[in-house]
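Visitor: I should like to learn how to read the features of a model such as this one. Please show it to me.

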Amino acid sequence: MAHRYIITVDVGTSSTKTALWDDAGLLVAETSQAYTLHRPDPLWAEMDGAVWWQAVGSTIRQVIAHSGIHPRDVAGIGVDGVGWTLLSVDRNGNPLHPAMIWLDRRAEDETRWMKALPDADKLVDRVANPIDAAYITPKLLWLKNHQPEVFEAAHRFLTASGFIVARFTGEFTCDYTQAYGYHFFDIRRECWDAGAAARLGIPLEKMPRLCACTDIVGTVTERAAADCGLVAGIPVIAGCLDAASGALGAGVTRRHQTNEQGGQAGGMAVSLDQVVVEPQLIFSHHVLPGQYLLQSGTVGGGTLSWFRDVLGQVEVNAASLTGESVFEQFSQQAGQTPPGAHGLIFLPYMAGERTPLWNSSARGVFFGLSYATTRGDLLRAIMEGCAFAVYDNLRIAEDKGATVTECLGSGGATQSAVWCQIKADVYNKPFIVARRADGGEGGHSLGLYALAASAVGVCDDAGTCVERLLPQRQVFEPSPERHALYQELFQVYRSVSRKLLDDFDALAEINHKYASKNGA
């Protein structure tokens, strides 16, 4: 009997990763295509939707070619994408304005306006999320205020995954996991709230229809088939938020399980079975029915890439000679430094910080530098600082009643045993990296496979499918002694981060004033 294949498309911040899976859940082929985020202003973070679609088409053609399968054997397609993204499109799904992604914080004025509304607390309670410039609602208001011609011309306002699904099918949809970005989404009733939308000045006729992530919303059109090297008629599910598919792919299939994300957009996601309103954190639907995710979002995961680009020429040169990756060299150096990095603490706020600070002005800080500080100290402090940032959120989640017994790791950071052990010791929880039988990571693509496969009948249940496909578990047990040290260091970390908030804002104001004078 012929195989039935699933294509998964993960639209990320810096690249799109596409994978082809067979009906047994085995990875047949995967590839990725990188792109550059456009930052015309320090607070702006844009992507041309056409670049996303080109990357999708190119990577699909590559996995089809590499596998040698016929496109008619593809049984379904699943898509996920970055969150808090606004893309305005015309009736044909063509972008009218660059996508404003999760890192974009230009809508600070609109955020202040929303927070000043007499019923602002009702907006927060309705969607179970805070009012912050990263969310889609302030971006919609910014577009209305600063680009009114685009706002009026828009046929629909889409998310990143919604845009790709629209290009595949011609259908305009938003799944529940992505809808948390809108403060007129009623998260309990799973519908747009007409009264809240009217209060904010958002016409609901420009909003896509809401649906569950596994709903088959349409099939690949002739136009999309030509763009991607497919055949028309392949079912496409609504797709989801990348953090939600990543949590599933890491093994979060049951309530109280927790995913720790070690990528550029780091954080954690705890599965719950009821709505929780905690404005310091993030809340969304999970991809599995009856489950939600209480999440944190941190931005320090890209710090090692910054270190490589600015200070890592030694490791870059060594990598070209020995073949040992820069990241592996960094990990080894960090492992040679004792816990606590000889008294060096790092605040990983390299692009502001999301939870729990919600501060666009926050910046990275090394605290405790001395003439004795080594390269390994810097690297270990970065790793520990990123773990402290997540721990800051984990404590809030537990105070809110979330039960966390272990952390299921995902993302590039899981490639470092040193970093995994640091996280186990900081969180005081077993840190587990679940892997496929071939040793590969689960993550977004595996989660998407399970969702799409269950939707088209290739497997029965997405959660059970993921559990079956992650047979390997590498466990890093916490050390009580190291956790005691990290508890003391975390108190310093937290104290420094809060004391610097006003100074971060003052520094940002100075930079803005003189950048304006210099025309920068």
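Visitor: In which strand is the place of Val236?

Guide: Val236 lies in strand β14 (residues 235-237); strands are DSSP runs of E with at least two residues, and helices are runs of H or I with at least four, numbered from the N terminus. This is a predicted model, in which local features need pLDDT of at least 70, side-chain atom pairs count only at pLDDT 80 or more, and totals for chains, interfaces and linings use all residues. Residues are numbered from 1 along each chain as its sequence is written, and side-chain values use heavy atoms, leaving out hydrogens and water.

Visitor: Is Val236 buried or exposed?

Guide: Buried means under 20% relative accessible area, exposed over 50%, and partly exposed in between (1.4 Å probe, protein chains only). Val236 is buried because its relative accessible area is 0%. The C-alpha atom of Val236 is separated by 9.1 Å from that of Val456, 220 residues apart along the chain.

Visitor: Why does the span of helix α17 agree with expectation?

Guide: The expected span is 1.5 Å times one less than the number of residues. Helix α17 (residues 480-499) has 20 residues and should therefore span 28 Å; its end C-alpha atoms are 29 Å apart, which agrees. Within α17, the buried residues include His483, Tyr486 and Phe490.

Visitor: Where is Leu311 placed, and how is its accessibility classed?

Guide: Leu311 belongs to helix α10 (residues 303-311). Leu311 counts as partly exposed because its relative accessibility is 40%.

Visitor: Which helix holds Asp503?

Guide: Asp503 is found in helix α18 (residues 501-517), and at 46% relative accessibility Asp503 counts as partly exposed.
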